[in-house]
Amino acid sequence: TLRGPVLGLESSCDETAAAVLAPDGAILAEAVLSQEKEHAVFGGVVPEIAARAHLAALPGLAETVLQRAGLTYGDLGAVAATSGPGLIGGLIVGASFGKGVAIAHGLPFVAVNHLEAHALTARLPGLLEAGAPAFPYLLLLVSGGHCQCVAVEGLGQYRRLGTTLDDAVGEAFDKAAKLMGLPWPGGPHLERLAGVGDARAVPLPRPLFGRPGCDFSFSGLKTAVARALAQGAAREDVAASFQASVAAVLADRAKHALAMVPQATAVVVAGGVAANGAVRTSLAAAAAALGVPMLAPPLRLCTDNAVMVAWAGIERLRAGLTDPMDHNPRPRWPL
Ligand code: KG4
Ligand code: ZN
């Protein structure tokens, strides 16, 4: 059983994050450091720079959240660190640091799957007004690194229903934005530009729309964006059309995914693209049409964070699951 608060650590991509949660899931302290500035000049995440930045930031960040919670390492009951999937350098930093703390203080260690952490966030006590969704529910993970539909049937019971055949949806936003001359990461910039454009002025394809299953594909759409821009279409119209296409495709895929999980109690969205207003509206409408609510955790818990890692750790510890100190981080680790 859990004797004290859980320290959660996240370092799988370009966010360094630490959080402390009480055994009941109450958030005692949380912090996220984005490396966006370090990577922006390169137009994307550079793995080696990410690993070094995690190494420089993580120990201090862990101290900061403990201090804010009024705790020391000795007060902890367990440590949970993201151990995959993700960039291996960053994963090694977080997992090694977490194991170090666990060994030094005689604490159980939980190697958390980043995707499981996103999947379980909606179950954080008190997070959603409607209460935690009952199993099974549908997770739509739409970020820069991941794009998948997952049936969350229970703790440790996940069924991947569909995934992207090429780019993740956030990656598609970023590549399209780059073609429009917008800074990286381009998603939010593209959304702003789309706000002043006309989506009907430039017809763009809606890849896999209406096809069976719930896989995704975005590379053809990106090519169409490049072609439209080369032919002189106005940037804002292309942005608006691109966004409308993505929103429509995501809603269509979510509908198909819901049909594959007839008992689903909710559609939970996570990932940075969940910040997009058009995407949210379109997904909410698709879910409502099938009689289930769309639930979105607050944005700071939709994007990469350590609260979700600590919470996944608590869920696993409650189920009696811990990991040995020789558990190796895994760059690929499907649910
Ligand atoms: O979840 P996240 O913060 O990090 C990971 O990818 O793990 O997601 C970042 C992605 C980026 O591709 C970013 O461009 C996209 O989410 N994004 C958006 C918006 N805000 C962030 N895409 C579209 N519209 C937005 N408002
Ligand atoms: Zn993530």
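Helices and strands here are DSSP runs, at least four residues long for a helix and at least two for a strand, and they are numbered from the N terminus. L208 has a positive phi of about 70°, although it is not a glycine. Keep in mind as we go that this is a predicted model.

Let's step back and look at the whole chain. The domain assignment gives domain 1 (6–120 + 302–318) and domain 2 (134–296). Notice that domain 1 is written as two stretches, 6–120 and 302–318. The C-alpha centres of domain 1 and domain 2 lie 27 Å apart. Where the two domains touch, twelve residues come from domain 1 and 17 residues from domain 2. Which elements give two or more residues to the side of domain 1 that touches domain 2? They are α1 (36–40) and α4 (114–120). The largest share of that side, four residues, comes from α4. Sorted by class, the side of domain 1 that touches domain 2 has five nonpolar, four polar and three charged residues.

Helix α2 covers residues 47–68 and helix α3 covers residues 88–105. Their axes are 7 Å apart, and the helices pack at an angle of about 20°. Because angles under 35 degrees count as roughly parallel, α2 is roughly parallel to α3. The crossing of α2 and α3 is right-handed. On the α2 side, the contact is made by P47, E48, A50, A51, H54, L55, L58 and P59. Facing them from α3 are G89, G90, V93, G94 and F97. By class, this contact of α2 with α3 has eight nonpolar, four polar and one charged residues.

G84 and P85 are joined by a cis peptide bond, with omega about -15°. P85 is in the loop between β4 (78–84) and α3. Another cis peptide bond joins F135 and P136, and there omega is about -5°. Where is P136? P136 lies in the loop between α4 and β6 (137–142).

Moving along to α5 and α6, we meet another helix pair. The axes of α5 and α6 come within 8 Å and cross at roughly 65°. This crossing is left-handed. From α5, the residues G170, F173, D174, A176 and A177 meet G187, H189 and L190 of α6. The residues of the contact of α5 with α6 divide into four nonpolar, three polar and one charged.

These two helices bring us to the ligand. How many residues surround ligand 1? There are 19 of them, and the closest are S143, G144, G170, G187 and G272. Both α5 (169–179) and α6 (187–194) supply at least two residues each to the shell around ligand 1. Look again at G170 and G187: they are among the closest residues to the ligand, and they also take part in the contact between α5 and α6. The shell draws at least three residues from each of domain 1 and domain 2. By class, the shell around ligand 1 has six nonpolar, ten polar and three charged residues.

Our last stop is the pair α7 and α8. Helix α7 runs over residues 219–230 and helix α8 over residues 235–260. Their axes are 10 Å apart, and the helices pack at an angle of about 165°. Are they roughly parallel or roughly antiparallel? Since angles over 145 degrees count as roughly antiparallel, α7 and α8 are roughly antiparallel to each other. The crossing of α7 and α8 is right-handed. L221, V225, A228 and L229 of α7 make the contact with R235, V238, F242 and S245 of α8. The residues of this contact of α7 with α8 divide into six nonpolar, one polar and one charged.

Methods: Residues numbered from 1 in each chain as written. Chains lettered and ligands numbered in written order. Predicted model: local features only at pLDDT ≥ 70, side-chain atom pairs only at ≥ 80, totals over all residues. Near = placed C-beta within 6 Å. Nonpolar A, V, L, I, M, F, W, Y, C, P; charged D, E, K, R; others polar. Domains from an automatic or database assignment. Axes fitted to C-alpha atoms, helices over the stretch in contact; angles between N-to-C directions. Parallel < 35°, antiparallel > 145°, perpendicular 65-115°, else oblique. Left-handed = near helix turned anticlockwise from the far one by under 90°. Contact = placed C-beta atoms within 7 Å.
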